[in-house]
Amino acid sequence: MDDKEKRAAVLQQAEEWGVKFVRFQFTDIFGVLKNVAIPVDQLPKALNNELMFDGSSIEGFVRIEESDMYLRPDPDTFVVFPWRPHEGSVARLICDVYNPDGTPFAGCPRSTLKRVMAEAAEMGFTMNAGPEAEFFLFHTDADGRPTLETQDRAGYFDLTPVDLGEDARRDMVLTLEQMGFEIEASHHEVAPGQHEIDFKYAEALTTADRIATFKFVVRTIAQRHGLHATFMPKPIYGINGSGMHANLSLSKDGKNAFDDPSDELGLSQVAYHFIAGIMAHARALTAVTNPTVNSYKRLVPGYEAPVYIAWSPRNRSPLIRVPAKRGASTRIEVRHPDPSCNPYLALAVLLKAGLDGIKKGLTPPPPTDKNIFAMTPAELKAEGIGVLPGSLEEALAALEQDEVIREALGPHIYERLTLAQKMECEEYRTRVHQWEIDQYLTKF
């Protein structure tokens, strides 16, 4: 189906569903979903890429004097929101952001991922990705503001009546399925109030679109249950934070490029190079895959989140795990990203790092099958196991030194993203926190 046929199909679906408004969605550089709503009679015009908006009002986009931007909707992303009534329903389209001269906008995260995917395509590869995004469900107070009171006291894979969030999670799954998601698993996670919904892997751009949609749907359905869903990496001290493990594989000529039955571990040389590339750039990657000050409260020993730059086909403490399935399911699981990241940028830099490993023929160190959390500093040093950054400042310093990952982001996004992150670090550094009040107010 060509673009003209796709546009016609969108108009037909909108008429069949009685759509009255269409939301044109895109993310800013931080991954926050934005939208412009139009009445359905403007949809033909918008599908012809004639929808303009003020880019200066979007965080990290452009200056006020260069504010006119165009939204180009992707017809493949058309979907009707199932929580709206059939009559007068609302649909959405995900868009790329373009300059007035018709060129892709350098600050568009979706276009950034497309650019790195094109680089992979030149090498004959397509990346598939499957996320495992965790989130918390919290009660709201009488004014509707979120609290830190969890919805339950359940644990990993617990069921009702302990898991009081199951009703909300079930509605999220049903809604996502109505929107075309293939849900593979849905369960309670380790921490009280913590949940996970996994959906089937897809080509990287589709997966990034789905992550953005997933977060939007989860928060919407939670609100309808009187709850607040948060993808904040570490909302509560002393319990597990929320991660977004990324299952990645490459395909070439329709076959899984990571699979090699003749290898001892069933992995191809491409897979080993890809693993080595991610390990080589791991410290710089964290500035994008773990982009907030709070992200580094999760990346500490003792709470299942990876801290050490190692890989293993057997245990879950290293940065990269290789799940047991082989054949078409051969993949790696990168365990340090968290769900506060921009999914387009996160997948772009992970792909770029892996491609760099392939281009340079990098070889990973031997796999680490011990529990890394139990190893002494001397043992870690002896095995050459590095450590992820302990703070956003450290991650930004690593990114500044990593030309490959900076190139993946492009100068526009790199400069604006890191400027905003440095401002966040400075504000956090100078703010007085409750811990300091509790620790020092009566002591001195």
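Q: Where does UniProt place the feature "binding site" (unreviewed entry) that takes in Lys200?
A: This is a predicted model: local features need pLDDT of at least 70, side-chain atom pairs count only at pLDDT 80 or more, and totals for chains, interfaces and linings use all residues. Residues are numbered from 1 along each chain as its sequence is written, and side-chain values use heavy atoms, without hydrogens and water. UniProt positions follow the numbering used here, with shortened feature names and annotations that may be inferred rather than shown by experiment. The record gives this feature at Glu184, Phe199, Lys200, Tyr201 and Arg316.

Q: Which accessibility class does Lys200 fall in?
A: Lys200 lies in the loop between strand 10 and strand 11 (202-203). Helices (H or I, at least four residues) and strands (E, at least two) are DSSP runs numbered from the N terminus. Buried means under 20% relative accessible area, exposed over 50% and partly exposed in between (1.4 Å probe, protein chains only). Lys200 has 31% relative accessibility, so its class is partly exposed.

Q: Which residues does Lys200 contact, leaving aside its neighbours within four places in sequence?
A: Contact means heavy atoms within 4.5 Å. With neighbours within four places in sequence set aside, the partners of Lys200 are Glu182, Glu184 and Arg210.

Q: Which strand holds His245?
A: A further "binding site" annotation from UniProt (unreviewed entry) covers Glu132, Glu134, Glu189, Glu196, His245 and Glu333. His245 has a relative accessible area of 12%, so it is buried. Its place is in strand 13 (residues 244-252).

Q: Which residues does His245 contact, leaving aside its neighbours within four places in sequence?
A: His245 belongs to the annotated set that also covers Glu132 and Glu333. Both of these residues are in contact with His245.

Q: What is the relative accessibility of Glu196?
A: Glu196 lies in strand 10 (residues 194-199). The residue counts as buried because its relative accessibility is 3%.

Q: At what angle do helix 7 and helix 11 cross?
A: Axes are lines fitted to C-alpha atoms, for helices over the stretch in contact, and angles run from 0 to 180 degrees between N-to-C directions. The axes of helix 7 (residues 282-289) and helix 11 (residues 392-400) come within 7 Å, and they cross at roughly 120 degrees.

Q: How is helix 3 oriented relative to helix 9?
A: The axes of helix 3 (residues 109-122) and helix 9 come within 8 Å and cross at roughly 20 degrees. Angles under 35 degrees count as roughly parallel, over 145 as roughly antiparallel, 65 to 115 as roughly perpendicular and the rest as oblique. Helix 3 is therefore, relative to helix 9, roughly parallel.

Q: Which residues of helix 9 meet helix 3?
A: The helix 3 side includes Pro109, Leu113, Val116 and Ala120. On helix 9, the residues are Tyr344, Leu345, Leu347, Ala348, Leu351, Lys352, Leu355 and Lys359.
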